[in-house]
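Have the viewer open while you read.

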Amino acid sequence: MAGKLYVVATPIGNLGDLSPRAQQTLAQADFIAAEDTRVGARLLNAFGIKKPQVSYFEHNRKAKGEQIARRIEAGENCALITDAGTPAISDPGCDLVEICAQRGVEVVAVPGPCAAIAALSVGGLPCGRWCFEGFLSVNKKSRRQHLEEIREEKRTMVFYEAPHKLLRTLEDFYEILGDRPIVLARELTKIHEEARRTTLAQALEHYRQNPPRGEFVLVLAGAPDSEERAPKENPMELTAQLMDQGLSLSEAAKQAARRLNLPKNSVYQQALSQFSEKE
Ligand code: SAM
């Protein structure tokens, strides 16, 4: 009889968040497929669980996925874990689940911590409808294209981001999506846990002075309704606001034009005649 694939969520910081059912599943599995077997070993040791592990990560997922599925078909139970949180959510796992599902192998969820859900739940922004945007691309063009696509998204959006890329991401958000509320949920369940509820402009100011540290989830408000947006849609008001935040006249005019979908040159010429003495 075939075994099962258990998709097991593990803590995103606080070990106390490993559920009793997750502990039991890890203890009873025949083997564990881990994103990083060293991280897996630390978790297993903390709970006194001894189990053989195989590595299953982004770059070996094709070959390893097939091997793991074959072992399960031959009767073994496998628990899949990643370094933190829920496997398959911006983590390896999706492919393995797909391979198993295609072969008719039973896949069982052992749910638990997930940074996106934890951030959303404490953020205080509307949670009725929301969407997960994962990590933005490191490629500037794809990143900007992604943001252009969600410019009019009304639902609350959730992103993952690494600390060294945070400022760049906030700058792109601000330039392409305009100023709006954001919650920066940092180090959730850990000692320095915080949820900074602020705006993009204020977050930029803060993190320019205080280099970001730790792991972040960004919970961003959806696009405002057009009536709420109207007063800010004056290109010269927006250019002035951006100049006050330190941008040059030409850069401020360029960003204002982009954000308001207006011809760059006409906004620039207007700004030049209105603000050139400020530069
Ligand atoms: N599968 C995981 C989950 O369910 O949350 C996410 C894995 S993804 C590779 C790692 C990203 O999750 C980090 O870059 C960060 O954005 C977010 N993250 C993980 N742990 C976090 C924590 N304790 N606090 C805030 N964000 C966290």
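This is a predicted model: local features need pLDDT of at least 70, side-chain atom pairs count only at pLDDT 80 or more; totals for chains, interfaces and linings use all residues.

Residues are numbered from 1 along each chain as its sequence is written, and side-chain values use heavy atoms, with hydrogens and water left out.

**Helix packing**

Helices here are DSSP runs (H or I, at least four residues), numbered from the N terminus. Axes are lines fitted to C-alpha atoms over the stretch in contact, with angles from 0 to 180 degrees between N-to-C directions.

Start with α10 (residues 235–244) and α11 (residues 249–260), whose axes come within 8 Å and cross at roughly 135°. That makes α10 and α11 oblique to each other (the label for whatever is left once under 35 degrees is roughly parallel, over 145 roughly antiparallel and 65 to 115 roughly perpendicular). The crossing of α10 and α11 is right-handed, i.e. the near helix is turned clockwise from the far one by less than a right angle. On the α10 side, P235, L238, T239, L242 and M243 make the contact (heavy atoms within 4.5 Å), and their partners in α11 include L249, A252 and L260. Sorted by class, the residues of this α10–α11 contact are 9 nonpolar, 2 polar and 1 charged. Nonpolar covers Ala, Val, Leu, Ile, Met, Phe, Trp, Tyr, Cys and Pro, charged covers Asp, Glu, Lys and Arg, and the others, Gly among them, are polar.

Helix α11 also meets α7 (residues 166–177): their axes come within 7 Å and cross at roughly 60°. Here Y174, E175, I176 and L177 of α7 touch Q255, R258 and R259 of α11.

**The ligand**

Which residues sit closest to the ligand? Among the 19 residues around the ligand, the closest are T86, I89, D91, A115 and F216; the cut-off is a heavy atom within 4 Å. Some polar contacts (N or O atom pairs within 3.5 Å) are listed below.

| Residue atom | Ligand atom | Distance |
|---|---|---|
| I89, polar backbone atom | nitrogen | 2.8 Å |
| E187, polar backbone atom | nitrogen | 3.4 Å |
| E215, polar side-chain atom | nitrogen | 3.4 Å |

Technical notes:
Helices (H or I, at least four residues) and strands (E, at least two) are DSSP runs, numbered from the N terminus. A polar contact is a pair of N or O atoms within 3.5 Å; within protein, one must be able to donate a hydrogen and the other to accept it, and residues adjacent in sequence count only if both atoms are side-chain atoms.
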